[in-house]
Amino acid sequence: MNERVARLRQKSLDTKPWISTERAELVTEFYKYTRGLSPPVRRALAFKYLMENKTICINEGELIVGERGPAPKATPTYPELCCHSIQDLDILNDRKNVSFAVSDQVREVYKEKIIPFWQGQSMRDIIFQEMSEEWRAAYDAGIFTEFMEQRAPGHTVLDDKIFRKGFLDFKVDIEKSLQTLDYFNDPEAHNKHEELKAMSICVDAIIRFAERHAEKAREMARSETDPQRKKELEKIVGVCSHVPKHAPRDLWEALQAYWFVHLGVITELNTWDSFCPGHLDQHLYPFYRKGLEDGTLTSEQAKELLQCFWVKFSNHPAPPKVGVTAAESGTYNDFSNINLGGLRPDGSDGANEVTYLILDVIDEMRLPQPSSNIQLSKKSSDRFLKRACEIIRKGWGQPSIFNADLVVEELLRQGKSVEDARTGGTSGCVETGSFGKEAYILTGYFNLPKVLEITLNNGVDPRTGKKIGLETGDPAQFKSFEELFDAFKKQLKHFVDIKIKGNNIIERLYATYMPAPFLSILIEDCIKRGKDYNDGGPRYNSTYIMGVGLGTLTDSLAAVKYHVFDKKNLTMEELLQALKDNFEGHEKTRLMLWNKTPKYGNDDDYADRLLKASFDAFYDEINGRKNTKGGFYRVNYLSTTCHIYFGSVVQATPDGRRASEPLSEGISPVQGSDQHGPTSAIKSAAKMDHVLTGGTLLNMKFTPMLLEGDEGIDNLVHLVRSYFRLDGHHIQFNVVTAETLRAAQAIPEKYRDLIVRVAGYSDYFCDLSKALQDEIISRTEHKSF
Amino acid sequence: MTVAEVVKEIEKDTVFYDESGGGATFSGGEPLMQQDFLQNLLKLSKENEIHTAIETCGLTGSKTLLRISAYVDLFLYDLKIIDNAKHEKFTGASNRAILKNLRELSRHHDHIIIRFPLIPGINDNEENILQTGELISSLRNVEEIDILPYHKGGIEKYKRLGRSRKLAEIRPPSSEEVSKIAEKFIRFGLRVKIGG
């Protein structure tokens, strides 16, 4: 990277995140003086007020401009969604990991202006008021989490529309839709009118926001003494005057147009997974080609622009959460996940020159944000995969690898058109979606081993003694494993019902009170339908519940079946007593359960059949239920860092795991239990039917020596291709020794820049909680193929 | 385990063989110590179209070797020291049969890779390298020599097994030393791989 990029990158890394009250203050001011507007129009005007009044920031030397806050790493809050208390702010400031500096002035503003206005009025407050007692009990017990209690639905990705059209073009589309409203026959015509009007206001707002950057750059150019920088600032004036009002004409404008849109989305609401340009290589390719052909661009310049673009993501930590949600995903990472390769809408191979350029950028930048992945299809070349593997081998966890053909198949199964499936990809950690056309909302993690625990305790949560489940019978009386599994399925249904009932209420609350008219402009068919992103406006609307602890559940079921029912090594009473005692005084039993049980991850059908049964039970209970937006419920399997939190609320489990220890992560085998090499782990993981999901996450850890040389790369390539031949969805790698990780734990200051793969993202090892660090260390380290 | 059970286990990894062009390698110890079982195993593997390789030190009857070779796609053949006296000294066995078998095998089998464990002070001297190079280059059908540099990976295991280890004080060769030896083999027109 050149000197400019190195400077911008370092600055981004050195700047500590801090809380800015600018957004909170502007929103509060606005809400104070506006009454009697429809919710979408009010939200649109609030957005406009923000775009017109927030501080404009252009940093020294940068080419792509715009910050969500008044400065890099200045992190806004969203009190209308979740209002931090003074205590919350203190926690943010004082906590060891993922902290945000909170000044006295921020505390003052919160005390005087923000808290008095929003207390009891935020979406979080409203949601908790609306939830039933049984929901609250299950939530408190750690059966499931709720995404929307602190952040707005997001989970979506852009297609190519902003690279083809400007916002004035969108305005024309909105006008057209307004003109077709049928007040005589459509009872929703007025609501649609308000929504479309709101979108139109948002168009003006984003254009104004860009113009303000042009004005600022013009002013800076006037006083700039360095002729080189002066020229750059003048170019920025031109770029920001043109996009996103009009369609971009060159690579610089294309990147800047996206960045304004990104800032718009993450300022309007604190959407989950921030936002993402999706197939960036495919979007940028026409601009890149054109630039090279007409001589206005060199590949070096393109790389510099891309690297400046990368820094912008790095400047934007995820908005801070509080309470349980902070433990779910304790990270600054906001899950923008750039897709590379994949397929074009016509089914041809999507990789191009920009793909390789971006891989170089990823390699050189070595930043946790943005995340990146490659979409590998049958048509993808080995050269593409090898280049990605070379970066993976460096050990900081990027890029991850997806099976593009399976992603398309997943989308087709859900009823998407072929083109919409191929323009899709994956975002966040591993979530499949049709880019630019789908709201695929993740609503919460679901603690599978906890449901087994409650089954084994006849409806009672042994941690608290509270009865929160059904009375499915005393397990000691069960005559067969099938009886136990039936009871498990009944408990599962009970809790899924509770979760979905809550989800449906929350979905309506967002649809009613918290529309997102700016985001709605970007996702098809919101304009055409005159409906909001949060209210079924998109062409496709999916709602997800994410299964966590599949490995722990499988191994626990295997242990009960094998030792209690098949081999009769111990009785159910003895097992339950050992679990109750957290194996104290039962170490021999624990070792038998841990070591002498068929385990998932070893290509052993005894265990893997139970994996499939568990997978099917969760799928059957959820898949195909209707949400409130004309779409359907789906399942996926990812845990981010929630397997740590969920583990902390589950007592000892029959697989020999002690109380409070982490659960298994993603669809990975229980940490340390896959003892037959990576090929067996892959075979086991492929036994569940990935095409029925909207994403599964498989983590593998390799010792660096294993991937040395061309042969190491070749072996990795074969392993990935084999997994995808077996219809695996995703795989990612940590290439680091446990020794290094332990050393980093002991002397963190020497390992500040050590980045590891956590879940569907990478993060600085030293920023992780001790529990999460320990969990990563305990994952099986494969030393041979 | 029965032959059929072993083959079933091997077949679990078919997808990986298909993807990487790999297959099953039978090593040991010395796989030819169980030649009947090995032969049945190889035969059944071939019937299931699994690529087979065996890793052998070559110390066996030449008839056995030729009989088995019908079911072997690739031989990984150890060659340690050419000088017979030294071979006897360090391995406890004469290499006469080993060398004879290799010559014989190379007349009947198409795919042989020589495995050369490079142990400093034992077999890395000029004379042995030249003799090895000469021998291999004189054989038909020997495609490659893999240099396996001595390493200390086994010391801990020996300790755990409570066995003494006579070579413990030998240091692993440096990568420069390994490349120098590789150069010498290349001069014989051989394809050389380090490790493998």
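Mentor: Gladly! Let us begin with an idea for helix pairs: an axis is a line fitted to C-alpha atoms, for helices over the stretch in contact, and angles run from 0 to 180 degrees between N-to-C directions. Keep in mind that this is a predicted model. Here, the axes of helix 12 and helix 14 of chain A come within 10 Å and cross at roughly 10 degrees.

Trainee: How are helix 12 and helix 14 of chain A oriented to each other, roughly parallel or roughly antiparallel?

Mentor: Angles under 35 degrees count as roughly parallel, and therefore helix 12 and helix 14 of chain A are roughly parallel to each other.

Trainee: Which residues of helix 12 of chain A meet helix 14 of chain A?

Mentor: From helix 12 of chain A come Leu251(A), Trp252(A), Leu255(A) and Trp259(A), and they meet Ala302(A), Leu305(A), Phe309(A) and Lys312(A) in helix 14 of chain A. The residues of this contact divide into 7 nonpolar, no polar and 1 charged.

Trainee: What should the 16 residues of helix 14 of chain A span?

Mentor: Count 1.5 Å a residue: helix 14 of chain A (residues 299–314) should span 22 Å, and its end C-alpha atoms are 23 Å apart, which agrees. Its buried residues include Leu306(A), Trp310(A) and Phe313(A). Among the elements that cover the buried residues of helix 14 of chain A are helix 1 (3–14), helix 13 (280–293) and helix 16 (353–365) of chain A.

Trainee: Now the sheets. In what order do the 3 strands of the open sheet in chain A come?

Mentor: Read across the sheet from strand to strand: the order is 8-11-12 in chain A, with parallel pairing. Strand 8 (438–447) and strand 12 (632–636) of chain A each have a single partner strand, so one side of each is left without a neighbour in the sheet. Neighbouring strands of this sheet are turned by 30 degrees against each other on average, direction ignored.

Trainee: How many bridges join strand 11 of chain A to strand 12 of chain A?

Mentor: There are 5 bridges between strand 11 (residues 540–548) and strand 12 of chain A. Met546(A) stands opposite Asn636(A) in strand 12 of chain A. Helix 27 (residues 605–622) of chain A lies across strand 11 and strand 12, running at about 160 degrees to strand 12 of chain A.

Trainee: What is the pairing in the open sheet of 6 strands in chain A?

Mentor: The pairing is mixed, and the strand order is 3-4-5-14-13-17. Strand 13 (residues 699–702) and strand 17 of chain A pair in the parallel sense over 2 bridges, and Phe702(A) stands opposite His782(A) in strand 17 of chain A.

Trainee: Where does Asp273(A) lie, and is Asp273(A) buried or exposed?

Mentor: Asp273(A) is in the loop between helix 12 and helix 13 of chain A. Its phi is near 60 degrees, a positive value in a residue other than glycine. A residue is buried if 20 or more other C-beta atoms lie within 10 Å of its own; Asp273(A) has 25, so Asp273(A) is buried.

Trainee: Finally, how many residues does the contact take from chain A and from chain B?

Mentor: The contact takes 8 residues from chain A and 6 residues from chain B. On the side of chain A that touches chain B, the largest share, 4 residues, comes from helix 30 (709–725) of chain A. The residues of that side of chain A divide into 1 nonpolar, 3 polar and 4 charged.

Terms used. Residues are numbered from 1 along each chain as its sequence is written. Chains are lettered from A and ligands numbered from 1 in the order in which they are written. This is a predicted model: local features need pLDDT of at least 70, side-chain atom pairs count only at pLDDT 80 or more; totals for chains, interfaces and linings use all residues. Two strands pair if DSSP finds at least two bridges between them. Two residues are in contact if their C-beta atoms, placed from the backbone, lie within 7 Å. The expected span of a helix is 1.5 Å times one less than its number of residues. A residue is buried if 20 or more other C-beta atoms lie within 10 Å of its own, exposed if 12 or fewer, and partly exposed in between; C-beta atoms are placed from the backbone. Angles under 35 degrees count as roughly parallel, over 145 as roughly antiparallel, 65 to 115 as roughly perpendicular and the rest as oblique. Ala, Val, Leu, Ile, Met, Phe, Trp, Tyr, Cys and Pro count as nonpolar, Asp, Glu, Lys and Arg as charged, and the others, Gly among them, as polar.
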